Amino acid sequence: MNCSMKLLASDDEEISLMHGCFEKIPMKDFHAEIRAYKDVEDFLNSTLLLLNLQQSGLTEIIDAMLKKLHENSDDGSEFTLEEARHAIFTQDSVHTLSRTIQGTTTSEDSGFDFDQSWICAMCELSNLTKRHVVIARLAHPANLGSTSQEVQLVILVLTPTVEKSTKSALETARTFSTLFIDMDYRHKLLEVQTESEFKQLLQQRTKLLSSHQGLPENRKSHLVLSDFEKDEAEESKCPLGRGMINDLKRRLPHYWSDYKDGVFGKRTIHKVISTTFFLYFACVLPNIAFGMLNDSNTAGAIGVQKILFSQCLGGLLFAVFGGQPLIVLLTTAPLALYTKIIYSISEDFDLDFNAMFACVGLWNAFFLIIYSVFNLSKLMKYSSRSTEEIFSLFIVFAFSADAIKDTVKDFNKNYYSSSCDSLSQGSLVNQTNISAVTTVMPSVNDTTTPAGNMIQDCLKENSILFLLLMLGTVWLGITLYNFTKTPFLNAGKREMLADYALPVAVLAMSFFGSFVFKDIKLKPFTYRANVEFFVVAPIHTLPWGAVLGAAGLGFCLSLLFFMDQNISSALVNAPANKLKKGAAYHWDLFTVAIINAFLSIFTFPWVHAALPHSPLHVKALADMEDRVDQGHVHQMHKLTPKFIEPKYLKALDGH
């Protein structure tokens, strides 16, 4: 409710005091409140629609809707446009709607925010004999106020002054506002071409809400429980394995749709292709780096080929048998360091590394299965947002530190090497004739003399190119990713550049380094052509003491797996992502255990849910848009794929 008071200034300027009142109202329950369902059914034949309305000003939009209503009024109602404007607006000179309903959302990222893409206005008129609803779809988003900066759907509800409480303006507006609060549904309304399609979507949405709200877990008498709380609420005589059983019951009905929703739907193919390219480069680059690191740490026992094959096999198996297909399995830096520790222990105690690695991996899988059977993933319900953010921040620092460490290592090897110091000090040719240095330096390939060896070891240009390519890739990727915030090109092309930011940056800088600087000889990564993959590790050769020691290492490794897997799953299934098919913490942990047990037998590197790749996978599949509210820019889901739940808001706010 808004109240206003006029004051008259000395220069005849009108000054108004405006009082606004915000009230939180519940959404309509289409299953319990029969009136809501009947209202929509009654209005389907009488609701007036204005599709692709060209007006952009608030007054012009309301006038067009009132004229449409006045022209099609057949119930004998007589009202003038001035009377309707006086009831809808606070006053003629202040273009502010007196009574409206808007959707709101509260999140930990952006706090309290209005849904600014639609608005429902209501009023009561004494000359009306029955209720009217007019819906307008604007051709272009319009700025209708501080909390309505990009409105494209406007609902106008007019009711008689004397009316039953269940048919009042507020109750009628609440009915239609509940329908329009779903973001995915509003997007479909923006795409339809005819009035019949528009009304058909209204009817389908009403039936869907009625059936959805009628489910036992969604009734008002039941609390909205998380997946863990739902599992605990189910009584069972034997709790062992109950978590995995509940995960399967929750996820199996959606198994086929996980594949179907990646093919069918508007823009689905485009998003899947762009996400595939994004994940390919996001996964293959660290795998090559960790493969080279493992190859160096294990004397070639685990190399780049095994890393890539392990990632491919583990990812495919998890995609088929896992419960949450949005999770990405990878070999991470902590696993590479753990592999180095196992190799060092094997060398110190004269043990076969392949056998020791396989034994540790099998013990790790055994403990993970124990965690899954005893439903220990329930502990994740005590993981707060701060815990997840701290873990994510740790991963960010780990990746940044790894990049900085490699840069420093390259500069120490090529730029600040002893050979470069000797050359800079003029120590060649007995340090007697500087001109002799310039005579020898062109003979880079001549390694028969000490001077030739020094020149060959001094590769300052390699370090400069290393730094240039690294920073250039980061700059180009970030620039393309933020291209949606620029005025260049059109919206579709800007979004396409943002979707393909990472692969374009990597390919462009790879071409730049390979062809523009082709004279600089860079050392390629180690590749062993003759690598036998499926060779069973000789675990039987380990003594009992080594097996027990491997059990201790496997237990510590299982704790790392448990934390990484569950926190990555928690970030993927975060409420902000609005996934609607449910989580599968216990089953995913069990699946990862079986996959790593198989990989361990053949000395393939282990894999588990990775950060930040898993949350970025979800983000890459969604269309994002920037919302400007009170001077702050918030990034929100504009359109989500079918396997991501539409933005159901918990309440409506009327003012």
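These legends go with close-up views of a predicted model.

View 1. His 617 sits in helix H23, which runs over residues 613-620. With a relative accessible area of 11%, His 617 is buried, since the cut-off for that label is under 20%. Setting aside neighbours within four places in sequence, the contacts of His 617 are Thr 275, Leu 279, Pro 325, Leu 326 and Val 328.

View 2. Leu 240 comes from the loop that links helix H7 (227-233) to helix H8 (242-251). Its relative accessible area is 45%, so Leu 240 counts as partly exposed.

View 3. Arg 250 pairs up with Asp 247 in a salt bridge, at 2.8 Å from N to O. Both residues belong to helix H8 and are 3 residues apart, about one turn of the helix. Arg 250 is buried at 16% relative accessibility, and Asp 247 is buried too, at 2%. Arg 251 has a salt bridge with Asp 258, with 2.7 Å between the closest N and O atoms. Arg 251 is likewise buried, at 7%.

View 4. In the Arg 85 to Glu 82 bridge, the closest N and O atoms are 2.7 Å apart. These two are about one helical turn apart because 3 residues separate them in helix H3 (residues 81-88).

How values were computed:
Residues numbered from 1 in each chain as written. Predicted model: local features only at pLDDT ≥ 70, side-chain atom pairs only at ≥ 80, totals over all residues. Heavy atoms only, no water. Helix = DSSP H or I, 4+ residues; strand = E, 2+ residues; numbered from the N terminus. Buried < 20%, exposed > 50% of the residue type's maximum accessible area, 1.4 Å probe, protein only. Contact = heavy atoms within 4.5 Å. Salt bridge = Lys/Arg side-chain N within 4 Å of Asp/Glu carboxyl O.
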